[in-house]
Amino acid sequence: MASQRLGEAALSESGPSHHHHHIPYSLPHMLHHPNTSFINQEGSAFDFGELEEAIVLQGVKINNDETKQPLYTTVRPAATLEMFPSWPMRFQQHTPRGSSKSGEESTDSGSAVNTLSTTRLEPDSPISRKTSSDHRLPPPQMDTGSGVDSPRTGGSQTQPAAKQAPEKRRGPGSNSEKVLDAKTLRRLAQNREAARKSRLRKKAYVQQLESSRIRLTQLEQDLQRARSQGLFLGGGGVAGGNISSGGAIFDMEYARWLEDDHRHMSELRTALQAHLSDGDLRVIVDGYIAHYDEIFRLKGVAAKSDVFHLITGMWTTPAERCFLWMGGFRPSDLIKMLITQLDPLTEQQVMGIYGLQQSSQQAEEALSQGLEQLQQSLIDTIANGSINDSMHHMAVALGKLSNLEGFVRQADNLRQQTLHQLRRILTVRQAARCFLVIGEYYGRLRALSSLWASRPRETLIVDDSSCQTTTTDLQMVQSSQNQFSNF
Amino acid sequence: MHNYYETGWWSSSYNYPAKRSVGTDPFERIERMASASAVVMFSMSTCCMCHALKRLFCGMGVNPTVYEVDEDPRGNELERALKRLSGGTSAVPLVFIGGKLVGAMDSVMASHISGTLVPLLKEAGALWL
């Protein structure tokens, strides 16, 4: 259909701007079904309003670009249809009246006329243009046409075309009996049209904003859901916000490392239960140590590309992040946890473990103090940059920041050396159990993060006598408690 | 794993230029300074890792002799020599115990964790029970 063609043409012209503004309403849908919407409306007036709205939107985007052809068949946002309730009747009554107004200066009235004729006759712009030019203009109160930038009849917004019709119409119009009132009426009509035009524009803009806002909240919800799912999958792997490519790569490698860790642990578990020989067990234990060496190597590479990703713990789960020290676990904390789990130990081993705890504590303290001095120095540099040599200060600050990588590297080095020393202190069997304990411990910490993320938000710990809340979750908890009390 | 270097280790790998007076060669200077005290650390006043290493020694009760290379008039050549000795990316911090090169921060920490640092310090007379 011609109108469809025209509609599509207009869409293609205004396409980029529409996409740009993210109009969520059924714009494309409507575009391809101009006739359906056309026909389904209850009257030509309604169509006209629809039309006008479309044209208003066009005008808002295209900014009255005269070279464009925002045909009346272009935009047809369904959401805005209900915004023009007052149109139909007035329009229809005034339709048959002839009028001299056709705004030559403002193409609005002309367009109103043209579209009017168009809706009555055919949705074909060229034809309507012809017919409108031959017909008398309806009075300017048909503000159905107002607010429309482009007199579409024929949809051409080109001034020559617009001018032609008005002129023609003016001819017959000026011959009507109300010559004196014509100018006044025309002026009034133009005013009304301008007012309506701006009202429509405002409505359209607000509608756009609201739709965009709804769309935005939906997107945010989707993102939040995806993030929480990411927490379940990769142990917080790619659940971050802005991840650099270096950080993203490390997250993927870490996720793979976690899978390997799971495999190593199963191997250790079955090896211990199977009571393998020390030689066989040693191979498995050394393999696990090499597995840890691998993650430290990967972290070293990642520290070069994105030290902040490591040092802020974005690669770990929230619970792990809570205990983060310089981009990883704190070795002395690990030793403290292990001491209780590693019984029985010989006296020499106990001394060795305590010595390890002490030396790791001293090393941690030293590194922490070094990092603190770096931070203080950075603060001074950033704070003292004057306007004149701010770039110089920024360069100095950048240089200082680069030292962060060294600290993360040394912290990882400390972690690695601690694990190696544990291996040296313990027998093969003890070492196997030790690494199993370590793996299980961090596995539980990661599981804690997932459970925490999925906990029901409104739930409170409720005693029988405690105050009632109105949340449905709480009521559910209470009812389930009542059920259990029967047992 | 830490490296043990004999006092004159560098003389085998380093070729003396023909006409160089003894005092100006940076490696000689370093050796002289390193032999002067039980624990010697080459550092820079602006280096935070050096500060960390200083804190480590102090925490252990060790009182190292610290040379701030950036405050030395011929600090640049010292820095270059230190960088070569450390075999790594940074010249400082670099630690000598008993005149022997122990290494940079990672070497010192690895030595401490593995339990070899304290005996070394005691042997050099920097630590008493």
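**Salt bridges**

Analyst: A:Arg269, A:Glu440 and A:Arg444 are joined in a network of salt bridges. The model is predicted, so local features need pLDDT of at least 70 and side-chain atom pairs count only at pLDDT 80 or more, while totals for chains, interfaces and linings use all residues. Residues are numbered from 1 along each chain as its sequence is written, chains are lettered from A and ligands numbered from 1 in the order in which they are written, and side-chain values use heavy atoms, with hydrogens and water left out.

User: What makes the contact of A:Arg444 and A:Glu440 a salt bridge?

Analyst: A salt bridge requires a side-chain nitrogen of Lys or Arg within 4 Å of a carboxyl oxygen of Asp or Glu. The N to O distance for A:Arg444 and A:Glu440 is 4.0 Å, and the pair is counted as a salt bridge. Side chains of opposite charge can pair when their charged atoms come close.

User: How are A:Arg444 and A:Glu440 placed in helix H18?

Analyst: They are four residues apart in helix H18 (residues 428-453) of chain A, and therefore about one helical turn separates them. Helices (H or I, at least four residues) and strands (E, at least two) are DSSP runs, numbered from the N terminus.

User: Why is A:Arg444 called exposed, and what is the label of A:Glu440?

Analyst: Buried means under 20% relative accessible area, exposed over 50%, and partly exposed in between (1.4 Å probe, protein chains only). A:Arg444 has 61% and is therefore exposed, whereas A:Glu440, at 28%, is partly exposed.

User: Which value makes A:Glu294 and A:Arg297 a salt bridge?

Analyst: The N to O distance between the side chains of A:Glu294 and A:Arg297 is 2.8 Å, and they meet in a salt bridge. The two residues are three apart in helix H11 (residues 278-305) of chain A, so they are separated by about one helical turn. A:Glu294 has a relative accessibility of 30% and is therefore partly exposed; A:Arg297, at 47%, is partly exposed as well.

User: What is found for B:Arg74 and B:Glu77 in chain B?

Analyst: Their side chains form a salt bridge with an N to O distance of 3.8 Å. B:Arg74, at 33%, is partly exposed, and B:Glu77, at 22%, is partly exposed too. Over all chains the count of salt bridges is 15.

**Aromatic rings**

User: How many aromatic pairs are there, and why is A:Phe250 with A:Trp315 called edge-to-face?

Analyst: The count is twelve aromatic pairs over all chains. The ring centres of A:Phe250 and A:Trp315 are 5.6 Å apart and the planes stand at 80°, so the pair is edge-to-face. The rule pairs rings of Phe, Tyr and Trp (its six-membered ring) if their centres lie within 6.5 Å; planes under 30 degrees apart are stacked, over 60 edge-to-face and the rest tilted.

User: Where in chain A do A:Phe250 and A:Trp315 lie?

Analyst: A:Phe250 is in helix H10 (residues 245-273) of chain A, and A:Trp315 is in the loop between helix H12 (307-311) and helix H13 (318-322) of chain A; the pair links distant parts of the chain, 65 residues apart. A:Phe250, at 0% relative accessibility, is buried, and A:Trp315, at 6%, is buried.

User: What makes A:Tyr254 and A:Trp315 edge-to-face?

Analyst: Their ring centres are 4.8 Å apart and their planes are at 85°, so the pair is edge-to-face. A:Tyr254 lies in helix H10 and A:Trp315 in the loop between H12 and H13, so this pair ties together parts 61 residues apart in sequence. A:Tyr254 has 3% relative accessibility and is therefore buried. Ring pairs link A:Phe250, A:Tyr254, A:Trp257, A:Tyr288, A:Tyr292, A:Trp315 and A:Phe435 into a cluster.

**Chain A and its interface**

User: How many residues of chain A and chain B are in contact?

Analyst: Contact means heavy atoms within 4.5 Å. On that basis, 20 residues of chain A are in contact with 16 residues of chain B. Across this interface the rule finds zero salt bridges.

User: What proportion of chain A counts as buried?

Analyst: Of the 487 residues of chain A, 47% are buried. Chain A has 19 helices and zero strands.
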